[in-house]
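Please look over the sequence and the structure shown here before reading on. The report is meant for a reader who is new to them.

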Amino acid sequence: MRLTIGKKLAINLLLIIAVLLGLLWYFRADAIKLKNNFNAYSFLINEVKAAKDLQVNIVSFWRAVLEAALVKDRDKISFLANKFNDKALKNADQLILLNGDDQEFIARIDNFRASIKNTQSIGLRLFDSFISESTASVKIVSEFDKAADLLVQSVNNYINDVMAKEDQSRERLKATIENLTGTVIDAVLAIVLFIIIISIIFNYNISRIIKSLVSETDNITNSITGGQLDIRGDVRKINFEFQCVIEGINNILNAVVVPLHQAAGYIEKISVGEIPKMIDQEYNGDFNKIKNNINECLATLRSLMIDDGGKVLSAAAEKDLTGRIKKNYNGIYEKMKFNINNLLDNLDISFQKTLEISEQVSYASEDIRRGSKSLANGVSKQASALEQISASLHETNAMSKQNAGNAKSCLEMSKNTRAITLKGVESMKKLAATIEKIKDSSDATSKIIKTIDEIAFQTNILALNAAVEAARAGEAGKGFAVVADEVRNLAMRSAEAAQNTAKLIADSVKNSDEGVNINTEVMKNFDEISEHVNKVNEVVSDIASASEHQRLGIEQINEGIAQLNNVTQQNSIFSRESAGAAGELADQAHQMREIVSSFKISYISQNSASGSQPKAPSRKSSDQGGGPGEFGGGRQFKKRPAVQALVNDGDDDDFYDESGRDESGLKKDPKKIIPFTESKNVLEEF
Amino acid sequence: MSAENVMTADCINNRNTQAPSDSEGKKQAETERFKFITFLLNGEHYAIDITSVYEIVIMPEITPVPNTPFYIMGVINLRGNIIQIVDMRLKLSMPFKKYDDKTCIVIIKAGGSTVGIVVDRVMEVISESADKIEEPPAFGLKVDTGYIKGIVKIGGTIKFILNFDTVFKDSGVENPDDNE
């Protein structure tokens, strides 16, 4: 039976619904019966309640009447009687409403009502009797009691009846419910069991179908992820409903695997170094894209490996560096192309440069050779110059020795001078003492002169007195007057002489004072002289020691000159060796040039003038020899850097340095420049 | 010095004057000749008739006398004679000058009494004929013209001849002599 899972599930659901409907039908009669019983029971419960209320109201009424009678309050009695009567009547009406169809019951209730009314009237009468305190009251009381008892009795009976009816109904209901409950439990159990069984059956069936599908799919995916692309799903193992799934998977695999296999084959070929032809088959969508990519890859590889790059590289292997990869590529191929081209460029430039450098080396070695020659000349000149220096140094040494001797004798002389100066100071001291003595004697002389002057003065006075006496004597004293006059004249003359002498003495005192002053000055000068002589002593001794030092220094210089001589000897050997080395260097540069020339270089056309024939002019210049050749070489060196600059900027500095050195070496006369600078440096070192 | 120069100059003059005086002694004897002793006072030359001079004394010790005019310096003892000493500078209203070794006292006869006058310096003895003595001028002199007898010009210098009679006329100098 071929049923889909949806249909199976629907059948299951319908079966369950039918069973449930049957069960419901089966329980319908019982349910109605139960409902009726329940309604009757609930009606009876209400009836019992109303009857009980009636009973209570009647009893309350009875008691109230009795109490009222005892207190003899008519108003209260009437009020209470009315109240309870109304309540009882209402209960009765309720009961009638409840059992509207039952005639017997209605009659019974009407009976109650009548009794109640009767009791009420009796009660009212009783009160009246009580109030009038008639003897009839006892009778009425008994009547009332009787009526009341009757009423109560009938009510109680009624209640008993109702209670009995209620019990009966309850028993019935109980039985019905018990019966129904048992039946329902059995039915429910049966249905549940049925549903469980059906569900288990269906579940098993469906899970089996899905499991088989999943396992098959799992197999396929596992094998594909494991790389086995030839595995396909088995349709027969699967439920008819899911067979399309496996078929779809198989189709997908078929669509993928064929181009994949083809691509794998191509790639295998590429990996073993073959470049196969393009793929011709047409594919759809993304497979076509794969095909196109492979084709493009093949084209790129073919062009890079064989047509374009391969040719260039094989040419390079044959020492032809001129070829370059020209086509445009993408990504890493472009980079590779760039690198190969770069490599070839670099090799090209390097060889070109090597060629040029080897030329320059050969020029330079020639220069070195010439330079070494002139160095040797210079060294021999240096040696003769050194001998001259050494001779003049000997002279200088002798002179410094003489200097030292002179300084020593000078020292002696200055010492003598000092002694003489001291003697001079002594003499000056003596001279000062002498002058002092002269001054003293002058003083004494001046005193004497003063005395003479006084004597002359007194003589003058005497002469005057004599003249006076002569005048008084008159004629007799005339001769005496003449004598007195003569005496006075003498006195005057002696006074005059004394005055002159005094003047001279004063002059001499003054002169001797000056002499003393001059003497002190002279002494001061002598002191200064002795000081200066001391200083001269010091300076001269300094000069003596300095001359000694000078002499020692000159000896050291002599030693230095001897060492310098040795160095010069060595220099001459070295310069000869360097000339030999320069020759070797030139040979090696020539060899290097030959090796490099075997390569075909792209710039060969540009350099054909200076590159392939550089030997000829250089040889020519060297053959010619002397100045012109050197200058010709220099001009060529100047030209080459321009070409070099076009090729590569990086090496300009080195090149210019070299050329600069060469030019400087060529401009100056090497014969002159080399020995002098070197000897100078050596002298400076010493 | 100037004084000495003057003195030497005077000596020369004296010789010069004396030489002709000796040769022409008889001519000059006819005209009356006067002799004077000259002295210095405050730089001026004064003269005194030699006949009124007793003696020239080198400055001795002067004993002051109380209650005398300011120009009377005191008295001296000259060989037993007490002689009044007058300072001529003070007497002739000249500034006082301290005495030195050239200061001398000339003992003179004045109005009948003997007086010693203190002078700066005694110069020389001069001799002049009477006609060379001139009258003193009426004014322009440092001293009272009443004291001056006359003026003598010798060389370039002017010498006043003092009249001691008038000099001491109204002074207290004469009083002791009067008493004698």
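## Confidence in the model

This is a predicted model, and it scores ipTM 0.74 and pTM 0.36. For chain B the average pLDDT is 76, and 72% of the residues score at least 70.

Within chain B the confidence is lowest in helix H1(B), where the mean is 42, whereas it is highest in strand E5 (residues 81-87) of chain B, at 92. The pLDDT is below 50 over residues 1-29 of chain B, a stretch that has 18 contacts in the model beyond near neighbours in sequence. Residues 174-180 of chain B also have a pLDDT below 50, and that stretch has seven contacts beyond near neighbours in sequence.

## Where the two chains touch

The contact between the chains takes twelve residues from chain A and 15 residues from chain B. On the side of chain B, the elements that give two or more residues are helix H1 (2-23), strand E1 (33-41), strand E3 (53-58) and strand E8 (121-129). Sorted by class, this side of chain B has ten nonpolar, two polar and three charged residues.

From chain A, helix H8 (residues 331-473) lies across E1 and E8 of chain B, and it runs at about 35 degrees to E8(B).

## The five-stranded sheet of chain B

In chain B, five strands form an open sheet with mixed pairing, in the order E8-E1-E2-E10-E9. E8 and strand E9 (148-154) stand at the edges with a single partner strand each, so one side of each is left without a neighbour in the sheet. On average, and with direction ignored, neighbouring strands of this sheet are turned by 35 degrees against each other.

E1(B) pairs with E8(B) in the antiparallel sense over seven bridges, and in this pairing B:Phe34 stands opposite B:Glu128 in E8(B). E1(B) is also joined to strand E2 (residues 44-49) of chain B, by six bridges and again in an antiparallel arrangement, with B:Thr38 opposite B:Ala47 in E2(B). The hairpin of E1(B) and E2(B) has two residues between the strands, and in this hairpin B:Asn42 takes a positive phi near 55 degrees.

## Helices of chain A

Two packed helices are described by the angle between their axes and the distance between the axes. Helix H6 (residues 285-307) and helix H7 (residues 309-317) of chain A pack at an angle of about 15 degrees, and their axes are 3 Å apart. H6(A) and H7(A) are therefore roughly parallel to each other. In their contact, A:Leu304, A:Met305, A:Ile306 and A:Asp307 of H6(A) meet A:Gly309, A:Gly310 and A:Lys311 of H7(A). These residues divide into three nonpolar, two polar and two charged.

How far apart are the end C-alpha atoms of H8(A), a helix of 143 residues? They are only 175 Å apart, which falls short of the 213 Å that a straight helix would reach at 1.5 Å a residue. Just after H8(A), A:Gly474 takes a positive phi of about 75 degrees.

Notes
Residues are numbered from 1 along each chain as its sequence is written. Chains are lettered from A and ligands numbered from 1 in the order in which they are written. This is a predicted model: local features need pLDDT of at least 70, side-chain atom pairs count only at pLDDT 80 or more; totals for chains, interfaces and linings use all residues. Axes are lines fitted to C-alpha atoms, for helices over the stretch in contact, and angles run from 0 to 180 degrees between N-to-C directions. Helices (H or I, at least four residues) and strands (E, at least two) are DSSP runs, numbered from the N terminus. Angles under 35 degrees count as roughly parallel, over 145 as roughly antiparallel, 65 to 115 as roughly perpendicular and the rest as oblique. Two residues are in contact if their C-beta atoms, placed from the backbone, lie within 7 Å. Ala, Val, Leu, Ile, Met, Phe, Trp, Tyr, Cys and Pro count as nonpolar, Asp, Glu, Lys and Arg as charged, and the others, Gly among them, as polar. Two strands pair if DSSP finds at least two bridges between them. pLDDT is the predictor's confidence in each residue, from 0 to 100. The expected span of a helix is 1.5 Å times one less than its number of residues.
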